[in-house]
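Visitor: Please take one part of this model and go through it closely. After that, go on to whatever else deserves a look.

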Amino acid sequence: MSKAEENIARCLLAIEEKLDWGPSAGWTHQDFVRLSERIQEETGHPLSYVTLKRVWGKVAYESSPAVNTLDVLAQFVAHENWRAFVRASGGLETVKIAAKSKSTKGQWWQRWQAMAGALGLAVLLLVLFPGHKEEPAFNPDDFHFFSKKTRSEGVPNSVVFEIDARLAPFDSIEVQQSWDTRRRVRLPRSQEYHTSIYYYPGFYLAKLLVGGAVVKEHALHILSDDWYGAIVQEPIPVYLPPQTLRKEGKLAVYASDIAAHGIPLEPEVPLVRMGLAQDFEGLSTDNFHLRVRLRNTYAAGSGACQETYVYVIGEGSIIKVPLFAMGCIAASNLRVMQYYMPGDKYDLSAFGVDFSEEVLLEIVARKGVLKILVNNKEAYQTPGQVKRQKISALDVRFSGGGEIEEVLFGSSEGEWIVEENFEK
């Protein structure tokens, strides 16, 4: 068994420990779908459930995982990339060590289980991945995948996909709207067109899949015609017109607006989204300045945590900043491109706020280093440089409703391209 296969076994065991879903031998198809979605949420990078099944040996496959697949798996267990995971990895015994409070017998039993589990995974990987060749793929030139929007801007927006997959060796193919595997449809390989509705503005990476593998993908930037507001519902959100959103110098959706649409606020508090998706004149995730004054206005019942997130959406990853009532900060999470920090494992208390007054949030990225300030106090700074991606959208999400009083957005040198105080 090679060292590479041992490292893969360690990584899979670390993921199983993190998830705490029990042994992977008992995982169902839906578990791999859930894992795919969670990896996308935490790392900003998609791995299909088919790829995950291959890595875990649920689907017979005779090649080693691709390097980019291993990078994403390593990021999911808090390493910058696969190389960093390998450097940090010790022997099999170091993958899982029992708590010191357990008895010596219990420690040895848990260590033996960990070693046995890792060894079993490694043996399985050796059988499935006997060589070290790159993961094979279909020839992308054998397929055609193109799209056009039915509206230049505004939502909802239907996108017509033009497809030629006649050379696929299977009877059916799949088209996926974005990273979200729930937005995937199966089509006959002979079908030439498929139309899909995008309900929210932002950046999407549409995919054509054959046999579960992505053979073609391309970017879609769904633009908003102005600041938009919507109450999140499945399958279709409730859109709020601009004249309803703009209220006395604020962009706002209150509990009364939600109730006016017949949507209950209890027992599950509805989510409100407000945002702007445009061509931001070359602003990128490693060089920008965002300044937002905002307030969550709903704290009743199950909305006591006043969950609020501010998103800066790049072309492939996100910056996601939480603002929560102080007592609920453990339920939050912070994502800054490749860096992910769940509130139950990191001290995010600097993002706990008093929403009885407006909160000033600033995100400043300069020369790749990103800082976040809450009410003029530094709350976070990246330990290294963030990935450079073009910024495609701004999005603010309030549980139960909220208001935005001011948005300034531009380069880190202070040249604002968005200056909004929401006066009518």
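**A covered helix and its surroundings**

Guide: Seven of the 10 residues of helix α4 are buried, which leaves this helix mostly covered. Buried here is under 20% relative accessible area, exposed is over 50%, and partly exposed lies in between, with a 1.4 Å probe and protein chains only. Helices are DSSP runs of H or I with at least four residues, strands are runs of E with at least two, and both are numbered from the N terminus.

Some ground rules come first. This is a predicted model, in which local features need pLDDT of at least 70 and side-chain atom pairs count only at pLDDT 80 or more, while totals for chains, interfaces and linings use all residues. Residues are numbered from 1 along each chain as its sequence is written, and side-chain values use heavy atoms, with hydrogens and water left out.

The buried residues of α4 are T69, L70, V72, L73, A74, Q75 and F76. Their cover includes α1 (3-19), α2, α3 (49-55) and α5 (82-88). Two packed helices are described by the angle between their axes and the distance between the axes. For α2 (residues 29-43) and α4 (residues 67-76), the axes come within 9 Å and cross at roughly 75°. The axes are lines fitted to C-alpha atoms, for helices over the stretch in contact, and the angles run from 0 to 180 degrees between N-to-C directions.

On the α2 side, the contact is made by L35, R38, I39, E42 and T43, and on the α4 side by V72, L73, Q75 and F76. Contact means heavy atoms within 4.5 Å. Sorted by class, the residues in this contact are five nonpolar, two polar and two charged. Nonpolar covers Ala, Val, Leu, Ile, Met, Phe, Trp, Tyr, Cys and Pro; charged covers Asp, Glu, Lys and Arg; the others, Gly among them, are polar. Just after α4, A78 has a positive phi of about 70°.

Next, the backbone elsewhere. Most residues other than glycine have a negative phi, and most peptide bonds are trans. N375 is not a glycine, yet its phi is positive at about 50°, and N376, also a residue other than glycine, has a positive phi near 70°. N375 sits in the loop between β19 (369-374) and β20 (377-381), and N376 is placed in the loop between β19 and β20 as well. N375 is partly exposed, at 38% relative accessible area, whereas N376 is exposed, at 57%. A cis peptide bond with omega of about 0° joins V155 and P156, and P156 belongs to the loop between β1 (144-149) and β2 (157-164). The bond from E266 to P267 is also cis, with omega near 5°; P267 is found in the loop between α8 (255-260) and β11 (271-277).

H194, in strand β5 (residues 193-198), is buried, with a relative accessible area of 14%. Apart from neighbours within four places in sequence, H194 is in contact with V159, V160, F161, I163, V175, V185 and L187. R293 belongs to strand β12 and is partly exposed, at 23%. The C-alpha atoms of R293 and L360 are 4.6 Å apart, although 67 residues separate the two along the chain. Not counting residues up to four places away, R293 touches E358, V359, L360, E403, I404, E405 and E406.

A cavity is a set of points, on a 1 Å grid over the protein atoms alone, where a 1.4 Å probe fits but cannot get out; lining residues have an atom within 4 Å of a point. The largest cavity has a volume of about 60 Å³. Grid points are joined across faces, edges and corners, and a volume is the space filled by probe spheres set on the points. There are two cavities of 30 Å³ or more. The strands β12 (288-296), β13 (308-314), β21 (391-399) and β22 (402-410) each give at least two residues to the lining of the largest cavity, and β21 gives the most, with three. That lining has nine nonpolar residues, no polar ones and one charged.

For the whole protein, there are eight helices and 23 strands, and 51% of the 424 residues are buried.

Notes: On a 1 Å grid over the protein atoms alone, a cavity is a set of points where a 1.4 Å probe fits but cannot get out, and a pocket is an open set with protein on both sides within 12 Å along at least five of seven lines; lining residues have an atom within 4 Å of a point.
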